Amino acid sequence: MVHCTAERRADGAGSNTNARLFGAVRKSAVTMAPGSGASDVLPEIGVDDRDIVLSRLHGLSPMAGTSLDAVLRNLGVTTVIATGVSVNIAITNLAFDAVNAGYTW
């Protein structure tokens with residue numbers, strides 16, 4: 001299983017600023033800083049020793065501009081089944097990116 005998380009450095013370096021959503025994230029009391037725990041995979045889901053966790057500092061898609069596509073191809077994955085907390089944003093973006101990259105959805 002591959003888990004994709006989103007992080008944001010305390011200084012915002014490398015993160016998008018070009019949409020209202022990103023402004024809301026900047027104003028949030030939850031920092032999502034790397035290592036803070038705020039962007040960790042939920043304990044209820046858990047991370048197995050065989051799982052891969054990929055984080056990103058920018059964008060709305062777990063695939064665009066990340067190593068997710070290369071990791072999936074190296075694992076021999078041809079079909080993507082996505083779940084997550086951001087169905088209206090990240091999962092939708094992932095669905096389009098995966099289809100455009102040739103994965104079965």
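In what order do the elements of the chain run from the N terminus on? The order is β-α-β-α-α. Helices (H or I, at least four residues) and strands (E, at least two) are DSSP runs, numbered from the N terminus.

The model is predicted: local features need pLDDT of at least 70, side-chain atom pairs count only at pLDDT 80 or more, and totals for chains, interfaces and linings use all residues. Residues are numbered from 1 along each chain as its sequence is written, and side-chain values use heavy atoms, with hydrogens and water left out.

Along the principal axes, the C-alpha atoms fill a box of roughly 40 × 30 × 20 Å. Of the 105 residues, 26% are buried. Buried means under 20% relative accessible area, exposed over 50%, and partly exposed in between (1.4 Å probe, protein chains only).

Contact means heavy atoms within 4.5 Å. Among contacts between residues at least 6 apart in sequence, 67% join residues at least 24 apart.

The largest nonpolar core has nine residues: L54, M63, L68, V71, L72, V80, L94, A98 and Y103. Two or more residues each come from α2 (68-74) and α3 (87-100). The largest share, three residues, is given by α2. Such a core is a set of buried Ala, Val, Leu, Ile, Met, Phe, Trp, Tyr and Cys residues joined through side-chain atoms within 4.5 Å. Neighbours within four places in sequence aside, M63 is in contact with L68, D69, L72, L94, D97, A98, A101 and Y103.

Strand β1 (residues 2-6) contains H3. With a relative accessible area of 8%, H3 is buried. Beyond its neighbours within four places in sequence, H3 is in contact with V41, I45, G46, V47, D51, I52, V53 and L54.

N16 lies in the loop between β1 and α1 (20-27). This residue is partly exposed, at a relative accessible area of 24%. Its contacts, leaving aside neighbours within four places in sequence, are F22, R26, L57, H58 and G59. N16 and L60 are 44 residues apart along the chain, and their C-alpha atoms are separated by 9.0 Å.
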